[in-house]
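Hi everyone, thanks for making time.

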Amino acid sequence: MAAIVAVLQAGRDRIEQGWCKGAFARGKTGREVEMAGRAAVAWCVLGATYGDFPAWDQLAKAAEVSVNQLARWNDAPTRTQQDVVDLYDRAIELAEKDER
């Protein structure tokens, strides 16, 4: 489980750096780019973990939605970057509890 916490913490750091909607990741111009590529400067809730499925499961659990609904959750019109950071905090807390 420690690996999931590390992935989630790294994802949280990426979201704090930059967040986007409608794509796994976006570059400086706002165009969609590879989520793990050097051109990425902003990520969605899913893209920030570079496609780590166990981390996606933990994020879905924290959001109380299915993994299939996480992109829709991220892209909601009223969703903010802080909402996504807060979700990562909840997911990290749950993962740390699971480690005990």
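So, keep in mind that this is a predicted model. Counting aromatic pairs here gives us two. Take F24 and W56: their rings are stacked, 6.2 Å centre to centre, with 15° between the planes. That pair links distant parts of the chain, since F24 sits in the loop between α1 and β1 while W56 belongs to helix α2, 32 residues apart. How exposed is each one? F24 is partly exposed, at a relative accessible area of 34%, and W56 is buried, at 10%.

W56 also pairs with F53, and here the arrangement is edge-to-face, 5.0 Å centre to centre and 90° between the planes. Those two are three residues apart in helix α2, so about one helical turn separates them. F53 is exposed, with a relative accessible area of 57%. Put together, F24, F53 and W56 make one aromatic cluster.

Now, what does helix α2 pack against? One partner is α1: the axes come within 9 Å and cross at roughly 75°, which means α1 is roughly perpendicular to α2. I4, V7 and L8 of α1 meet P54, A55, Q58 and L59 of α2. That's six nonpolar residues, one polar and no charged ones.

Then there's α4, with its axis 8 Å from that of α2 and an angle of about 110°, so α2 is roughly perpendicular to α4 as well. This contact has eight nonpolar, one polar and three charged residues.

Conventions
Residues numbered from 1 in each chain as written. Predicted model: local features only at pLDDT ≥ 70, side-chain atom pairs only at ≥ 80, totals over all residues. Heavy atoms only, no water. Axes fitted to C-alpha atoms, helices over the stretch in contact; angles between N-to-C directions. Helix = DSSP H or I, 4+ residues; strand = E, 2+ residues; numbered from the N terminus. Parallel < 35°, antiparallel > 145°, perpendicular 65-115°, else oblique. Nonpolar A, V, L, I, M, F, W, Y, C, P; charged D, E, K, R; others polar. Contact = heavy atoms within 4.5 Å. Phe/Tyr/Trp six-rings, centres within 6.5 Å; stacked < 30°, edge-to-face > 60°. Buried < 20%, exposed > 50% of the residue type's maximum accessible area, 1.4 Å probe, protein only.
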